[in-house]
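Subject: Structure for your review

Dear colleague,

Please find below the structure that I am handing over to you. My notes on its aromatic pairs and its nonpolar core follow.

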Amino acid sequence: MANVGPAYGMSRDVQSKIEKKYDDELEARLVEWIVAQCGAAVGRPERGRLGFQVWLKNGIVLSRLVNSLYPDGSKPVKIPEAPPTMVFKQMEQIAQFLKAAEDYGVVKTDIFQTVDLFEAKDMAAVQRTLMALGSLAVTKNDGNYHGDPNWFMKKAQEHKREFTESQLKEGKNIIGLQMGSNKGASQAGMSYGRPRQIIS
């Protein structure tokens, strides 16, 4: 971790709570998906939070992942031939991935911050971003997703309905029970608490 001293007190408690959100089983599923999506050339990380962070830290694996979700000829992230070694270049590569993920459709609230990955501040947030990206890829079903579709949940899609003019006119003739009908409504049998006691 770059220029970060040990955490004490409340900040240590907060960091430990963030670290507890990290899911090792989810990590294994995400690694399988990334390898299936990008090919064996991306390699595999060492098991655990730190290994996962080191694997993704320079942004190359993430960039290959998001590029693989697009058809040939329209890759959103430029990948350098040699992996970047300078810190700002690595962070820039991660930022390009985040921009491409947002353009792909990942909601801003699901996107992690660059330091969450680069300094391992919140690896659970990195997992959430990758899960959202995978869910979108499965939902789009455009042939660019590789791997088991059961690894991710499909997002809900809009189901627009069209009504003809005659159907709309028929709907105006029906009065729903919410529109003022009191059919069957009464207060019979209702009681509120004990009756008033009159003592003489």
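In these notes, two residues are in contact if they have heavy atoms within 4.5 Å. Please note that this is a predicted model.

On that basis, leucine 133 touches Trp33, Leu65, Leu69, Phe97, Ala101, Tyr104 and Val106, leaving aside residues up to four places away in sequence. Leu133 is also among the residues with the most contacts inside the largest nonpolar core, which has 42 residues. Helix α7 gives the largest share, ten residues. In soluble globular proteins, nonpolar side chains tend to be buried together.

Turning to the aromatic residues, a search of the whole structure finds four aromatic pairs. One of them joins tyrosine 70 and tyrosine 104 in an edge-to-face arrangement, with 5.5 Å centre to centre and 65° between the planes. Tyrosine 70 lies in the loop between α4 (60-68) and α5 (87-104), and tyrosine 104 in helix α5, so the pair ties together parts that are 34 residues apart in sequence. Tyrosine 70 counts as buried because its relative accessibility is 18%, under the 20% limit. Tyrosine 104, at 5% relative accessibility, is buried as well.

Lysine 140 lies over the face of tyrosine 104, at 3.6 Å from the ring centre. Likewise, lysine 57 lies over the face of phenylalanine 118, at 4.8 Å from the ring centre.

With kind regards

Technical notes. Residues are numbered from 1 along each chain as its sequence is written. This is a predicted model: local features need pLDDT of at least 70, side-chain atom pairs count only at pLDDT 80 or more; totals for chains, interfaces and linings use all residues. Side-chain values use heavy atoms; hydrogens and water are left out. Rings of Phe, Tyr and Trp (its six-membered ring) pair if their centres lie within 6.5 Å; planes under 30 degrees apart count as stacked, over 60 as edge-to-face and the rest as tilted. Helices (H or I, at least four residues) and strands (E, at least two) are DSSP runs, numbered from the N terminus. Buried means under 20% relative accessible area, exposed over 50%, partly exposed in between (1.4 Å probe, protein chains only). A charge sits over a ring if NZ of Lys or CZ of Arg is within 6 Å of the ring centre and within 35 degrees of the ring normal. A nonpolar core is a set of buried Ala, Val, Leu, Ile, Met, Phe, Trp, Tyr and Cys residues joined through side-chain atoms within 4.5 Å.
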